[in-house]
Amino acid sequence: MIKRILVSLSLSLLFSLDAMASNQVGGLKTFSSQTQSTTIKQRKLNTINDYKELVSDLKKAIAIGDIRSKFWLGTLYYSGIKLKDGTIIKPQKEKGLKLLYSAISAGYTQAFSFLSMQYIQKKDVEKLTKIVKLAQESKEISLTDKDYFSSLLASLILDTNSSDGVAIEVALKWLYQAEKKRPTPKMQFIIANMYNMLGNDAAAVMYLNKSCSNKSMETICGRYKRNPLQENKSTCQNF
């Protein structure tokens with residue numbers, strides 16, 4: 001098996017450098033604690049009564065089919081909240097997950113993004129695989145978003161050096177097909193590392209060369225002074 005291409009592949013490195021779909025997955029970029037705080041400020045959640053009123057309103061919206069309200073109530077339950085008067089509402093994760101998965105079933109991208117980030121932070125490959133598989137199968141999620149979520153899973157697999165066969169298949173099978181139709185250098189870089197981890201030297205070198213021939217990858221590829229694929233006579237110019 002060839003020497004590992006990445007000395008340490010981290011999500012922060014790969015996805016902070018002009019990530020493949022940073023402007024495509026709205027949920028991942030727009031959902032944050034700040035977004036939630038803005039919503040809370042608008043509702044003036046000072047006391048427990050304010051909180052109960054918000055929950056009641058969200059439930060009414062859910063009852064008439066509002067998916068976004070499922071997402072907001074789901075995150076509220078999942079994360080808990082500290083009100084302005086100091087009252088702490090403890091997380092109710094099971095109730096939150098039920099609503100979030102319901103929003104996911106409806107193809108609500110922000111719900112995918114929110115839970116994906118939770119599982120990435122916990123380095124939970126199995127649960128992230130479940131989310132990504134649902135995204136891949138959803139008719140409501142765009143192809144570029146599916147590519148992105150699949151790349152997140154692949155990166156977590158590499159970051160944790162996971163041997164989870166189901167997770168590897170879910171990530172690599174999708175990215176292999178996606179690269180044929182929507183190739184990007186970062187996607188190729190991830191695929192190269194996946195194949196390297198699996199011991200497929202020829203495929204790893206091929207995809208690495210594809211990736212590193214793109215100028216946008218100079219920052220990543222140029223980090224490695226010595227060619228880790230030298231023994232395989234790689235022609236990757238940036239190594």
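**Entry 1: the covered side of α6**

I looked up which residues of helix α6 are buried (under 20% relative accessible area, with exposed over 50% and partly exposed in between, 1.4 Å probe, protein chains only). They are Gly96, Leu97, Leu99, Leu100, Tyr101, Ala103 and Ile104. The model is predicted: local features need pLDDT of at least 70, side-chain atom pairs count only at pLDDT 80 or more, and totals for chains, interfaces and linings use all residues. Residues are numbered from 1 along each chain as its sequence is written, and side-chain values use heavy atoms, with hydrogens and water left out.

I took helices (H or I, at least four residues) and strands (E, at least two) as DSSP runs, numbered from the N terminus. Next I asked what the buried residues of α6 pack against. The partners are α4 (48-63), α5 (67-79), α7 and α8 (125-137). Contact here means heavy atoms within 4.5 Å.

I checked the length of α6 too. The expected span of a helix is 1.5 Å times one less than its number of residues. For the 13 residues of α6 that gives 18 Å, and the end C-alpha atoms are 18 Å apart, so the two agree. After α6 comes Gly107, with a positive phi near 80 degrees.

**Entry 2: α6 on α7**

Two packed helices are described by the angle between their axes and the distance between the axes. I read both for α6 (residues 93-105) and α7 (residues 109-121): the angle is about 130 degrees and the axes are 8 Å apart. That makes α6 oblique to α7. The classes are roughly parallel under 35 degrees, roughly antiparallel over 145, roughly perpendicular from 65 to 115, and oblique for the rest. Axes are lines fitted to C-alpha atoms, for helices over the stretch in contact, and angles run from 0 to 180 degrees between N-to-C directions.

Which residues make the contact? From α6 I noted Leu97, Leu100, Tyr101, Ala103 and Ile104. From α7 I noted Ala111, Phe112, Phe114, Leu115 and Tyr119. The contact of α6 with α7 holds 10 nonpolar residues, no polar and no charged. Nonpolar covers Ala, Val, Leu, Ile, Met, Phe, Trp, Tyr, Cys and Pro; charged covers Asp, Glu, Lys and Arg; the others, Gly among them, are polar.

I picked two residues of α7. Ser113 lies in this helix and counts as buried at 2% relative accessibility. Its C-alpha is 9.8 Å from that of Asp145, 32 residues apart in sequence. Gln121 also has its place in α7, but at 62% relative accessibility Gln121 counts as exposed.

Lys123 sits in the loop between α7 and α8. Its phi is positive, about 55 degrees, although Lys123 is not a glycine. At 47% relative accessibility Lys123 counts as partly exposed.

In α8 I looked at Leu128. Is Leu128 buried or exposed? At 0% relative accessibility, Leu128 counts as buried. Leaving out residues up to four places away in sequence, Leu128 touches Ser116, Tyr119, Ile120, Leu152, Leu153 and Leu156. From Leu128 to Phe112 the C-alpha separation is 9.6 Å, at 16 residues apart along the chain.

I went back to α5, which is mostly covered, with 10 of its 13 residues buried. They are Ser69, Lys70, Phe71, Trp72, Leu73, Gly74, Thr75, Leu76, Tyr77 and Tyr78. The 13 residues of α5 should span 18 Å, and the end C-alpha atoms are 18 Å apart, which agrees. Just after α5, Gly80 takes a positive phi of about 75 degrees.

Helix α11 (residues 185-198) is also mostly covered: 13 of its 14 residues are buried. From first C-alpha to last, α11 reaches 20 Å, close to the 20 Å expected. Gly199 follows α11, with a positive phi near 85 degrees.

I also noted Asn161, in the loop between α9 (143-160) and α10 (165-181). Phi of Asn161 is positive, near 55 degrees, in a residue other than glycine.

**Entry 3: the whole chain**

I counted 13 helices and 2 strands in the protein chain. Of its 239 residues, 51% count as buried. The chain exposes about 12200 Å², and carbon and sulfur atoms supply 50% of it. Those areas come from the Shrake-Rupley method with a 1.4 Å probe; for residues, only the protein chains shown count as cover. Among contacts with a separation of 6 or more, residues 24 or more positions apart account for 65%.
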